[in-house]
Amino acid sequence: MRPRIGVLGYAHETNALAAPISLQDGVRIDRQAGGLGANWVAGPAVDVLAESGAQVVELPLIELPPGGPLRHRDFVAYLSETEGALLEAGTLDALLVLGHGAGCTTKAADADGVYLELLRRTVGPDPSLTTVLDLHANVSEAMVRSVDAIVGYRTNPHVDVAERSREAAALALQTTQNVELEVAWCSLPLLLSQLGQLTTGAEPLGRVIDRSQTLVKGPVLNISVFGGFSLGDSPDAGLSVTVTAATSGEGRFPDSASAATEVADWAWQLRREYRSSATPLSDAVKRACHDKGPLLLADVADNPGGGAPGTSTALLGALLGAGASDVQLALQCDPRLVQDAFGSGLGAKITAVFNRGSTDPLAATLAAQATVTALRDGLYRPTTGVYAGATLRPGPTCTLDLGGVTVGVSSHPLQVSDPGLLTHVGLDPQAVRVLVVKSRGHFRAGFAHMFDESQIVEVDAPGLAPVDLSQLSPVKLRRPIYPIDVDLADLDPDLLTRFVRSARGGRRHR
Ligand SMILES: [Zn+2]
């Protein structure tokens with residue numbers, strides 16, 4: 001009999017500092033032309049399932065943009081629709097859940113846990129449940145207890161999304177062939193800044209992840225290390241490790257739990273090495289004025305990929321104030337300004353007012369004389385970088401030459417992750433001395449061929465995705481947690497276990 005496998009999901013990275021969003025802000029992948037198979041994340045999984053002869057049952061899958069919490073009534077509506085679709089789908093042998101793992105609603109701090117529990121309740125104990133999560137997932141006990149297998153991204157920038165999607169599909173298929181899986185989970189009181197979670201170069205998290213893969217053998221089928229999403233203000237924020245292992249057969253259980261603890265211990269030993277600061281704004285501007293170039297400034301705290309709106313003018317204002325020249329900056333989000341530029345036309349000289357009427361100090365108004373140098377519209381499909389294969393929606397865009405600094409302006413917040421996006425809006429990243437991108441780290445995959453490490457400056461400017469964890473005012477975060485509660489730093493490992501959380505999922509633990 002062909003196994004029937006349902007594919008569905010809820011993917012949201014919630015920034016507790018950002019304004020709430022609604023379901024309308026998201027994209028329903030299952031309703032897009034071509035369905036799940038045409039999507040850059042779901043497509044690779046669907047291919048693996050279909051090639052094996054399984055019957056793929058397409059169910060609701062929503063991708064919400066990184067941003068504030070989802071309005072709770074919208075979440076409830078989505079849960080109810082998902083439940084209805086599952087009941088209508090009839091008997092399923094397995095579920096493949098494409099998630100993110102850092103979702104909050106205006107009421108629920110662990111929306112992924114609520115979602116996965118609902119799936120488990122609805123389908124009953126038998127169908128296996130395999131979920132794919134982002135490296136920035138805040139994994140919770142409720143999530144772990146609901147599932148049989150967890151597959152997390154192992155790279156940041158996330159260049160292995162399609163690969164992990166295929167891996168999860170293969171695990172889901174194994175469960176339909178009488179292989180039983182379980183998940184062991186170990187969560188540390190360790191909060192990493194967003195910069196502290198890069199895996200490029202010799203970054204500590206990358207070293208932990210690489211080392212963890214040496215333990216993937218025998219019954220241990222997957223080890224995932226999650227940096228967590230520190231801007232989520234969730235009790236589950238922080239570093240955690242999951243180990244998915246096969247349990248068909250005797251005497252295999254201890255492998256997964258001890259592997260999870262061992263990897264978590266490696267991550268804890270490096271606690272003083274994770275980066276938690278960026279270059280001060282004034283130093284970055286000095287380099288932008290004096291370096292020969294090429295130079296890339298990353299406005300990490302206004303990264304739309306981390307839920308910031310892309311509206312901060314702090315870096316733009318500082319560059320203009322310092323008289324910097326031969327600079328291109330993208331993407332400043334300002335739909336009204338784009339409209340103004342379209343109304344005035346190509347070549348028009350206008351007074352560009354960024355964040356007109358704003359009273360938000362993180363989106364300060366900035367006015368400058370500008371020439372409209374490009375007007376563009378349409379979708380953008382990257383062929384390189386982390387979003388290769390995805391469809392991005394910058395909407396109508398313009399470029400404005402402010403004299404010394406040319407700014408790409410979009411109608412929606414969008415992280416710059418590859419040079420093609422800049423070309424799409426009318427900039428020329430190859431020709432400029434200094435490039436400024438609103439991105440925390442995903443730009444590294446797309447721009448690696450243009451800038452080496454010495455030519456990249458991560459700027460500590462104000463924004464909704466700050467690098468410095470002391471700028472957060474967490475309310476729901478678990479305490480104590482390192483490095484906010486510095487006393488934890490010198491805890492000996494035996495005492496530390498008091499603060500470590502763990503759980504197990506899989507059929508034998510239900
Ligand atoms: Zn991520």
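1. The centres of domain 1 and domain 2, taken over C-alpha atoms, are separated by 32 Å. Domain 1 covers 4–274 + 499–509 and domain 2 covers 279–467; these bounds come from an automatic or database domain assignment.

2. This is a predicted model, in which local features need pLDDT of at least 70, side-chain atom pairs count only at pLDDT 80 or more, and totals for chains, interfaces and linings use all residues. Residues are numbered from 1 along each chain as its sequence is written.

3. Between the domains, 20 residues of domain 1 are in contact with 19 residues of domain 2 (contact: C-beta atoms, placed from the backbone, within 7 Å). The domain 1 side of this contact has 9 nonpolar, 10 polar and 1 charged residues (nonpolar: Ala, Val, Leu, Ile, Met, Phe, Trp, Tyr, Cys and Pro; charged: Asp, Glu, Lys and Arg; polar: the others, Gly among them).

4. An open sheet of 6 strands runs in the order S2-S3-S1-S4-S5-S6, with mixed pairing. Strands are DSSP runs (E, at least two residues), as helices are (H or I, at least four), numbered from the N terminus; two strands pair if DSSP finds at least two bridges between them. S2 (27–28) and S6 (149–152) are the edge strands, each with a single partner strand, so one side of each has no neighbour in the sheet.

5. S2 pairs with S3 (residues 55–63) in the antiparallel sense over 2 bridges. Val 27 has Glu 63 as its bridge partner in S3.

Methods
Two residues are in contact if their C-beta atoms, placed from the backbone, lie within 7 Å.
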